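I opened the notebook today to look up how the chains meet and what sits around the ligands. Here are my entries, in the order I made them.

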Amino acid sequence: MQLDEFFVTGEPLIYGGMVSIALVTIAILFILTYFKKWGWLWREWLTTVDHKKIGVMYILSALAMLFRGGVDAMMMRVQLAFPNMNFLNAQHYDEIFTTHGTVMIIFMAMPFLIGLMNIIVPLQIGARDFAFPYLNALSFWSFLFGAMLFNISFVIGGSPDAGWTSYTPLAGAAMSPGPGQNFYLMGLQLSGIGTLATGINLMVTILKMRAPKMKMFQMPIFTWSTLITSFIIVFAFPILTVALALMTLDRIFGAQFFTLTGEGMPMMWANLFWMWGHPEVYIVILPAFGIFSEVICTFARKQLFGYKAMVWAIILIAGLSFLVWVHHFFTMGAGAFVNSVFSISTMLIAVPTGVKIFNWLGTLYKSKIKNTVAMMWALAFIPSFVIGGVTGVMLGMASADYQFHNTYFLVAHFHYVLIAGTVFACFSGLVFWYPKMFGHKLNERIGKWSFWFFVIGFHVCFFPQYFVGLDGMPRRVFTIIPEWMPLNIISTIGAFGMGAGFAIFVFCILYSYRYSEREKSGDSWGDGRTLEWATPTPVPFYNFATLPEIDSQDAYVKLKEEGRTTFEEDKLEPIHMPNNTGQPIIMMGFLFFASFGLVFEWMWMAIAFLIAGLIMMVVRSFDYDEGYHVEVDEIKRIERSARGL
Amino acid sequence: MKSMKQLMKKGLALAPLSLVLLLSGCELAVLDPKGPVAQTQYDLIMYSIIFMLFIVVVVFGAFAFMVIRYRENRPGRKESDYDPHMHGNNLIEIVWTVIPFVIVIALSIPTVDSLFELEKPPEAAAGEEQKEPLVIYATTADWKWFFSYPEENIETVNYLHIPTDRPIEFKLSSADAMTALWIPRLGGQKYNMAGMENTLYLQADEEGVYDGRNSNFNGEGFTKQTFEVYAESEEDYNSWVEETQSSAPELSQEEYDELLKPGLTVEAEYSSTHLEFVDHGTNEGRDYAIERHYDLYGDLMHLYSDQDAEDFMDEENDDDHESSVE
Ligand code: HEM
Ligand SMILES: [Cu+2]
Ligand SMILES: [Cu+2]
C-alpha cells in the first residue's frame, strides 16, 4: 500500500482536520512535558481504578465525541441548507452521516451515561468502588481505544460510508471495499467489549454491594435504571458482537454470511443489527429517565410520585424493547400478520412510557420547584420527549410507516427522543452532579444561556423535519430539491443555535473552573435526597468512611433528619482498597493495534498484537495483588479536613 | 427568564397544532394522496394525528399548570401548595395507565385492518368493474431503475407509464444493494432485494406526473436514483405502449450488462425486457450483477449535487447507455 492510499487525500476539509489534530497533539505533548505532568498523568489517571476518575475520563471523552459528531452535523446541515450546494460531494456526505450516527450513539451517548453511572451509582448505594475495579478500567480503555480507532478513519484509510446501520450487502466486501467499513467493525467490536464488561460490572455492583440493609425497592431510581440497563446490555450486546464478527469474517476472511454470492443472507444482518439496535436505543434512554427522576425530585423538593410504578415501568420497557425490532424494517415485506404483531408490541411500549411521563407530572404536583439549570434541562425534556414519543407511535403503525420510513419524519422522531431524552439528560446530570465531581458548581447564569440556545435551537432544527419528511424528503440524501428549501434553511439555523449552545456550555465549564466558589459541604444543592450527597466534597477516594444502615428510600433525607453522617468515628475500621495498575491500558493498547492490523488486513500485525494481548491476560491471571488498607488514623485525618471538623 | 419560559412552553404547545392546520392547506406529498393506497395511509395518519394531538394537549396542559403553579417563588403561594410526602395515588395511576392502553387499542385496529388491505390490489370504486392488476417488474441496480412490462414486452429505464384507475402490481427486486420503491403521492414504500421478490400494489386515480425514487440508502448515487411516473388515461397509456413496442430497440444482453454497471444513466426504453436473461428476484438471479461487475463497485463517481446522469454520459461520448466509471 502506498502512503497516499494510506492517508486520505484530496479534501481541503480533511487536510484542515489533519493539521488541527497534529497541532492539538503537539500542544498537549508540549504542555505535559513542560509542566512535568507525565508522571502525574500516569499515576493519577492512566492507571487509576477509581470509579470516580474513570467516570470523569468517560465524560471528557464523550464531550470530545459530542464535539466531533456535532461538527459532522453542522457540515451536513450546511450542505442541506440550499439546493445544489457543493460544500460536500455525495461520497463525503455519506461518510459524514455514517460517522455522525455511529459516533453519537456508540461513542457519545453511551459513554456519557456510563460515565455518570460510574461516578454516581457506587455513591448512591453506599459502595466503595465497583465490584471489579480492574475490569472497570479495562472497560474504559476498551471504549477509548475503540473510539480512537473509529475516529482515525477520518485521516487514515478513509471513513465508513454505509450508514451507522451498515446494511448488507451494501456494507459487504463487494460494494464497500477498502478499510473504511473495517474501521466500523473493529471500532465497535473493541469498544463493545468494554460496554459488555461494564454491564456485568454494574449489575454485580448493584446486586451485591449495597449499603447494609438497603433493599432493592429502596434504591434510588437512577440506580434502578442503571441496573435494568445493565441487563439490557448483557442480553443485547452479545448479538452485536456476533453480528460484527460475522461481517468481519465476510469482509476480511471471505466468508459468505451476508453476501449476495454463495447463498449468503443479507437480510439476516438487518435482523441481528436491530435485535441489538432497538434495545440499544433503550440502553441510552433508560438511564436518562433515571437522571431526570433524580433531578426532578431534588428540585421539586418532593418524593418521587409512584416510585414502584416507575420501577415496574422501566422493567416493562426493558422487556418489551426486545420484542419490537422488526419495526425498523416493516417495509421488508414480511407480511401483514408479522407487521401487525410488531406494530402492536411497538405501540405497547408507549403505555409504560406514558406512565412515566404522568408520574413526573405527579411529582411536580404540590411541589416547590427551584429553577436551577439542571432542573430546566429536566423540565424541557418532558414536553419535547412527548413529541418524540407520539411520533414514535405513529411510526409504529406499520401501514403508515410505509410512508414515514426512511424519511426525515423518522429522522425527526429519533432526534426528538435521543436529544430531548439522552442529551438533555447528559447535560442535566452533568450540571447536577458537577459539584460532586469537581468540587465547584457550574455558573448558573451562563448555564441558562447555553440551555436556551440549545433547546430553542433543537426545536427549530428538528420540528420542521417532520414536515419536510411528509413532503417526501428521504433521509441520507446529500442534496435537496427547491421545494424542500424553506424548511431546510430553518433546520440549519436551528442547528447553529444548538452549536452555539454547546459552545456556551464549554465556555461555562472553563469559566466556572476559574471563578466558581469551591464547595464546602457535601450536599451542594442543599436539597440532596440520596446517598451521594452524604459524602463530603471532594469525595475521599474510599467514598464512605462508615456505611450507614438504610431503611428507607431517599436515604439521605432520613440521615439528615436523624443527624447521622457517613463518618461515625467510633465505627471506623481500616478500608480495603485496590491498587492502581497499568495493565488495562496496556492490554487494550495491544488490542487496539491488533484491530488496526485487521482493519488494513495486515495479518502479521493483527496476530502479533493479539498474542501480546493474550499474554497480558495471562499476566493478569497470575496477578496476586491484593490491594492495600487505609488505616483508621488516615481516614480520620481525611474526613476531618474534608468535613471541616 | 421565568415569564419567557412560560411563554415558550405555551408557544410550544400551540406550535404543532397551528402547523398542522397550516400545512393541511399546502401540499405535502404524503398528505396529498392521488390513489387509493396513499389515501388509505393518509386516512390512517390523520386518524392517528387526532389522538396524538389529544395526548400532546393533555400533557402540555398539565405540564404548564405544574410548572407555573408550583414554582417556588410564585407570588401568592400557600402552605397547602406543598406536600413533600405525597408518594402516589392508586386510582389516578390506574387511570393514566388505562387511557394510553385504550388509545393503543384504538390505533391498533385500523392499523391491522389496513395492513391486510394493502396486501391486496385496491378494490374498484362501487359500481365499477374490478380490473386485473397491471404487472410491472421494478428492478434497481446502482443507481437506476428498470421497469419491465412482461405482458407488453417492453422495458423502460428511469421512468414509467401507468394507466389510471387500474391497480399496478409491482414486482420488486434489486440487482445489487437493497433499495426501496417509493412514490409518495401513490403510496408507501417497500424494499427491493436481490434474490427475492416483493409485491407492492399501487394505483393512481388522477392523471399526472408523480415523483418516484429509491428511498433506501445504497451508496454514492442514491440521491439521484429517481424516476418519474406518468399516470395517464387507458387510451393514452395503450398508445404509449404501442409506440414503444414499434419504435424502441430491443434490449440485448450485452447492453443490459453494460447498464448494470454502477453509475447513473439517462431515460431509455426497449421493446423487450431483461427478464429474458435474468430475473434478479429469483435465487438464480441474485448474484448476476455482482459476478459480472465485482470490481466496479468500489469506484467513485465523485458526484456533486448539480450533476446528473447527462454529465456522466458526455464523458463517454457515445449514445450507448453506458455509465461512467472511473
Ligand atoms: C414511544 C416510544 C417509541 C416508539 C413507539 C418508537 C417507534 C419507532 C419506530 C417504529 C421506528 C422505526 C421507524 C422506521 O424506520 O420507519 C423508530 C426508529 C427509531 N427510534 Fe424510536 N420509538 C420510540 C422511542 C424511542 C426512543 C426512546 C429512542 C431512543 C432514545 C428511539 C430511537 C429511535 C432511533 C434511533 C430510530 C431510528 C434508527 C435508524 O433507522 O437509524 N425511539 N422508533
Ligand atoms: Cu426501535
Ligand atoms: Cu428479503
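**Entry 1: ground rules**

I count a contact when heavy atoms lie within 4.5 Å. I also remind myself that this is a predicted model.

**Entry 2: chain B against chain A**

I began with the interface. The contact draws 98 residues from chain B and 101 residues from chain A. The size of an interface is often given as the accessible area lost when the parts come together, and I looked that up next. Chain B and chain A bury about 8,900 Å² between them, and 71% of that is on carbon and sulfur atoms.

α2(B) gives the most, with 15 residues. Sorted by class, this side of chain B has 54 nonpolar, 24 polar and 20 charged residues.

Side chains of opposite charge can pair when their charged atoms come close. I went through the whole model for such pairs and noted 30 salt bridges over all chains. One crossing pair runs from Glu72(B), in the loop between α2 and α3 of chain B, to Arg301(A), in the loop between α9 and α10 of chain A. The N to O distance in this salt bridge is 2.7 Å. Across the interface of chain B and chain A, the rule finds one salt bridge.

**Entry 3: the shell around ligand 1**

I moved on to ligand 1. Which of the 22 residues around ligand 1 come nearest? My list reads Trp164(A), Asp401(A), His405(A), His413(A) and Arg475(A).

I checked three of these for polar side-chain atoms facing the ligand:

- His405(A) has a side-chain N or O atom 2.7 Å from an oxygen atom of ligand 1.
- Arg475(A) places a polar side-chain atom 2.8 Å from an oxygen atom of ligand 1.
- His413(A) has a polar side-chain atom 2.9 Å from a nitrogen atom of ligand 1.

The elements giving two or more residues to this shell are α9 (266-300), α12 (373-396) and α14 (408-438) of chain A. α12(A) gives the most, with six residues. By class, I count twelve nonpolar, eight polar and two charged residues in the shell.

**Entry 4: the iron atom**

What is the protein donor of the iron atom of ligand 1? The only one is His413(A), through NE2 at 2.2 Å. I traced His413(A) back to helix α14 of chain A.

**Entry 5: the copper ion**

Next came ligand 2, the copper ion, and I wanted its protein donors. They are His278(A) through ND1, His327(A) through NE2 and His328(A) through NE2, lying 1.8 to 2.1 Å from the copper ion. Along the chain, these donors follow the spacing H-x48-H-H. The site links distant parts of the chain, with His278(A) in helix α9 of chain A and His328(A) in the loop between α10 (307-320) and α11 (336-364), 50 residues apart.

To close the page, I checked how far apart the two metals are. The copper ion and the iron atom of ligand 1 are 4.7 Å apart.

How values were computed. Residues are numbered from 1 along each chain as its sequence is written. Chains are lettered from A and ligands numbered from 1 in the order in which they are written. This is a predicted model: local features need pLDDT of at least 70, side-chain atom pairs count only at pLDDT 80 or more; totals for chains, interfaces and linings use all residues. Side-chain values use heavy atoms; hydrogens and water are left out. Buried area is the accessible area (1.4 Å probe) that two parts lose on being put together, summed over both. A salt bridge is a side-chain nitrogen of Lys or Arg within 4 Å of a carboxyl oxygen of Asp or Glu. Helices (H or I, at least four residues) and strands (E, at least two) are DSSP runs, numbered from the N terminus. Ala, Val, Leu, Ile, Met, Phe, Trp, Tyr, Cys and Pro count as nonpolar, Asp, Glu, Lys and Arg as charged, and the others, Gly among them, as polar. A residue is near a molecule or strand if one of its heavy atoms lies within 4 Å of it. A polar contact is a pair of N or O atoms within 3.5 Å; within protein, one must be able to donate a hydrogen and the other to accept it, and residues adjacent in sequence count only if both atoms are side-chain atoms. Donors are N, O and S atoms within 2.8 Å of the metal (3.2 Å for Na, K and Ca); water is not among the atoms, so sites may look incomplete.
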